[in-house]
Amino acid sequence: MRIDVVSIFPEYLAPLELSLIGKARQDGLVELNVHDLRTFTTDKHRTVDDTPYGGGAGMVMKPEPWAQALESVAGVREGTKPVLIVPSPAGERFTQALAYELAEEEQLVFACGRYEGIDERVIDWAQEHFTVRPVSLGDYVLNGGEVAVLAMVEAIGRLLPGVVGNPESLVEESHSDGLLEYPVYTKPSSWRDHEVPPVLLSGNHGKIAQWRRHEQFRRTAERRPDLLDNFDAGQLSRADRNALADLGYNVVDGRLRRRMESNTAQQTR
Ligand code: 6GU
């Protein structure tokens, strides 16, 4: 995979030299280039922003430096239309499913906006050369796209063949099956009066798998009940359904439905 990142703070992307992604680059699994937007300006002051039409606070990124920068990285691989990812709190949500989808691409380009954003006409113009996807990490505001790019490149990069040493570790992890991960423990089995759940010391692998699955449901119901609303109940075993029933969830029309709390007993008492 080839990745290009355009930013006015290229040093912000330095961590991509480290750890898993840094190793993947060294091994030639990922070709990653960071470009300074200012090198695509033509004025003495290397201006990248200007005041917004219509008034209002802050500055807007000028279109022409972006067009020059994006043209320089577009169509680098012949006959391919790279995906242009524009990090923005106004984008679609970045999810594990989107990470898997983007990991299939030949070339990704990330356009890191700063200030109030990039002149919208860049987004329109870029459709000619790219599949454009404004993407958000979540419902909060960052000062620019750089930190979001670090997160997305890590999430995507670790899915590329050969980047994660043991591909099995990709299978059993949070969100890969729409549930949060089960809790994990290591030695010692007793630590500061806190015990490892005895089932994990039992050697009974069937029971351990069942317990872990139950913990996934319990955690997800407690921390991220929204994930259960869209969970495909078709994949559930009888044991899964029992575990979910204990947590107050029934399967109705292939979907999970939280049972109504029965207040009637209290009300009539
Ligand atoms: Cl992807 N970019 C920016 N600038 N802010 C964000 C974001 C992205 N995701 C959440 N907040």
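Let's start with the ligand. Strand β5 gives the largest share of the shell around the ligand, 3 residues. This is a predicted model, where local features need pLDDT of at least 70, side-chain atom pairs count only at pLDDT 80 or more, and totals for chains, interfaces and linings use all residues. Residues are numbered from 1 along each chain as its sequence is written, and side-chain values use heavy atoms, with hydrogens and water left out.

Now the shell itself. Around the ligand you find Pro87, Ser88, Pro89, Val135, Ser136, Leu137, Gly138, Tyr140, Val141, Leu142, Gly144 and Ala148. A residue is near a molecule or strand if one of its heavy atoms lies within 4 Å of it. Two strands, β5 (83-93) and β7 (131-136), each supply at least two residues of that shell. Helices (H or I, at least four residues) and strands (E, at least two) are DSSP runs, numbered from the N terminus.

Next, the distances to nitrogen. A polar backbone atom of tyrosine 140 is 2.5 Å from a nitrogen atom of the ligand. For serine 88, a backbone N or O atom lies 3.5 Å from a ligand nitrogen. For serine 136, an N or O atom in the side chain is 3.5 Å from a nitrogen atom of the ligand. How much of the ligand does the protein bury? Alone, the ligand exposes 290 Å², and the protein buries 97% of that. These areas come from the Shrake-Rupley method with a 1.4 Å probe; for residues, only the protein chains shown count as cover.

Leucine 102 is in helix α3 (residues 96-102). Is leucine 102 buried or exposed? Leucine 102 counts as buried because its relative accessible area is 2%. The cut-offs: buried means under 20% relative accessible area, exposed over 50%, partly exposed in between (1.4 Å probe, protein chains only).

Glutamate 215 sits in helix α7 (residues 205-223). Glutamate 215 is buried too, at 11%. The side chains of glutamate 215 and arginine 218 make a polar contact at 2.6 Å. A polar contact is a pair of N or O atoms within 3.5 Å; within protein, one must be able to donate a hydrogen and the other to accept it, and residues adjacent in sequence count only if both atoms are side-chain atoms.

Last, the backbone. Which form does the peptide bond from lysine 187 to proline 188 take? That bond is cis, with omega near 5°. Proline 188 belongs to the loop between α6 (168-171) and β8 (190-191).

Serine 19 has phi near 55°, a positive value in a residue other than glycine. Serine 19 lies in helix α1 (residues 19-26) and is exposed, at 63%. Arginine 46 also has phi near 55°. Arginine 46 is in the loop between β2 (31-36) and β3 (49-50), and is partly exposed, at 38%.
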